[in-house]
Amino acid sequence: MKERLEELKQEALNKVTAASDIKELQEVRVSYLGKKGPITEVLRGMGKLSAEERPVVGQLANDVREAIANELNQKQDQLEKVALEKKLSEESIDVTLPGRPIPTGGPHLLTKLIEEIEDLFIGMGFQVAEGPEVEQDYYNFEALNLPKGHPARDMQDSFYITEELLLRTHTSPVQARTMEKHEGRGPVKIICPGKVYRRDTDDATHSHQFTQIEGLYVDKNVRMSDLKGVLNAFAKKMFGQTREIRLRPSFFPFTEPSVEMDISCKMCHGEGCSVCKQTGWIEILGAGMVHPNVLKMAGFDPDQYTGFAFGMGPERIAMLKYGIDDIRHFYTNDVRFLKQFHHA
Ligand code: 2U9
């Protein structure tokens, strides 16, 4: 029996030495130290031994067991260490490698331009006002000196929802609503950016939906020269200090007198070229002194209060500023177009 135990010990230790991974080692542990293993088998046969031999063989069996278990544990530690080192080396990260760029979006060119224009006017004391895109006929037309039957409110030109509701055709109803809220007391000094809708067939210069920024300043003693000063400051900040402005007489139902503002052409410095259609000037916006009827309808006394208003199309401004030749580029969202105006 002693020889058998020594033999088993040697056999087990050889297998421990030969084991190359933890799984193999576990198999050795189960087969030699498990309940059905050969050492347990030897111990079962101890009943046949004499009383003197029994404790000696028992002690030896325990020593063999312990020796195998020690060897197994040591080998296990060693294999675990090797496995951990392998895993760590495989998973090591080189933090000095350059990162992979993640594509990011950004605000739309029009959004950025509108915010830029807002900032310019905020710098001159204006506040930003917004209102609904589905508007009442009253605020969109009636309150702006466009009574029912007026040629400028042709049903063909507007998206009507019901007889009294439509998609706003300009942002002017926001000014009308804001004035009404002031209950006849100035000052009202606001700019109103937003989407507007017209029943147009889309082409290079027309879109059924586009954006506007309109401004309104109503107070005592607001004069045409205030309008000219504000618009001149805006044009120079937006297009460059060397640009000149000029006002030409025009007509809008909601302003009297009305003007259109041009800026001098950057391309030809007033000489005449294709950009300015040989005139040396480029039309930028419309403006005027708020019509007394509009003041009255919004609850302001036209004998005490005067005001100026203006309106512009951010698409047109962007097209001039960046040489964009088709208004549809703003709305078809081709990323090759959009990306050109996206600087992180
Ligand atoms: C109130 C009183 C007056 C707003 C004005 C214009 C002139 C104008 C167009 C230019 C090109 C809009 O983008 S565009 O299509 N606008 O020329 N808008 S004065 O006048 C108002 C508005 C509200 C209560």
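**Close-up views of the predicted model**

**View 1. Asn 333, in the loop between helices H11 and H12.** With a relative accessibility of 44%, Asn 333 counts as partly exposed in this predicted model. The residue sits in the loop that runs between helix H11 (329-332) and helix H12 (335-339). Although Asn 333 is not a glycine, its phi is positive, at about 55°.

**View 2. The whole chain, for orientation.** The chain contains twelve helices and nine strands, and its C-alpha atoms fill a box of roughly 130 × 50 × 40 Å along the principal axes. The radius of gyration of the chain is 44 Å, whereas a compact globule of 344 residues would have one near 20 Å. Of the 344 residues, 40% count as buried, and the accessible surface comes to about 20000 Å², with 52% of this area belonging to carbon and sulfur atoms. Among contacts between residues at least 6 apart in sequence, 68% join residues that are at least 24 apart.

**View 3. Helix H1 packed against helix H4.** Helix H1 (residues 2-18) and H4 pack at an angle of about 0°, and their axes are 10 Å apart. The two helices, H1 and H4, are therefore roughly parallel to each other, angles under 35 degrees being counted in this way. On the side of H1 the contact is made by Lys 2, Leu 5, Glu 6, Leu 8, Lys 9, Ala 12, Leu 13, Val 16 and Thr 17, and on the side of H4 the contributing residues include Val 56, Val 57, Leu 60, Ala 61 and Val 64. By class, the residues of the contact of H1 with H4 divide into 13 nonpolar, one polar and five charged.

**View 4. Helix H2 packed against helix H4.** Helix H2 (residues 22-33) and helix H4 (residues 53-90) pack at an angle of about 170°, again with axes 10 Å apart. H2 and H4 are therefore roughly antiparallel to each other, the class that takes angles over 145 degrees. H2 contributes Ile 22, Leu 25, Val 28, Arg 29 and Leu 33 to the contact, while the residues of H4 that take part include Arg 65, Ile 68, Leu 72, Gln 76 and Leu 79. The contact of H2 with H4 has eight nonpolar, two polar and four charged residues.

**View 5. Gln 76, a residue of helix H4.** Gln 76 lies in helix H4 and is buried, with a relative accessible area of 19%, against a cut-off for burial of under 20%. When residues up to four places away in sequence are not counted, Gln 76 touches Leu 25 and Arg 29, both of which are among the residues of H2 that make the contact with H4.

**View 6. Helix H7 and its surroundings.** Seven of the ten residues of H7 are buried, so this helix is largely enclosed by the rest of the structure. The buried residues of H7 are Ser 172, Pro 173, Val 174, Gln 175, Ala 176, Thr 178 and Met 179, and they pack against strand S2 (134-136), helix H6 (137-140), S4, strand S5 (209-219) and helix H9 (292-297).

View 7. Just after H7, Glu 183 takes a positive phi of about 50°, although Glu 183 is not a glycine. At 59% relative accessibility, this residue, Glu 183, counts as exposed, and its place is in the loop between H7 and S4. The loop between helix H7 (172-181) and strand S4 (188-197) also holds Pro 187, which a cis peptide bond with omega of about -5° joins to Gly 186.

View 8. Ala 287 has its place in strand S8 (residues 281-290) and is buried, with a relative accessible area of 2%. Leaving aside neighbours within four places in sequence, Ala 287 is in contact with Leu 227, Leu 231, Phe 252, Thr 255, Pro 257, Ser 258, Val 259, Ala 309 and Phe 310. Ala 287 and Arg 177 are 110 residues apart in sequence and lie 19 Å apart in space, C-alpha to C-alpha.

Key
Residues numbered from 1 in each chain as written. Predicted model: local features only at pLDDT ≥ 70, side-chain atom pairs only at ≥ 80, totals over all residues. Heavy atoms only, no water. Axes fitted to C-alpha atoms, helices over the stretch in contact; angles between N-to-C directions. Helix = DSSP H or I, 4+ residues; strand = E, 2+ residues; numbered from the N terminus. Parallel < 35°, antiparallel > 145°, perpendicular 65-115°, else oblique. Contact = heavy atoms within 4.5 Å. Nonpolar A, V, L, I, M, F, W, Y, C, P; charged D, E, K, R; others polar. Rg over C-alpha atoms; globule rule 2.2 N^0.38 Å. Buried < 20%, exposed > 50% of the residue type's maximum accessible area, 1.4 Å probe, protein only. Areas by Shrake-Rupley, 256 points an atom, 1.4 Å probe, with all protein chains shown as cover.
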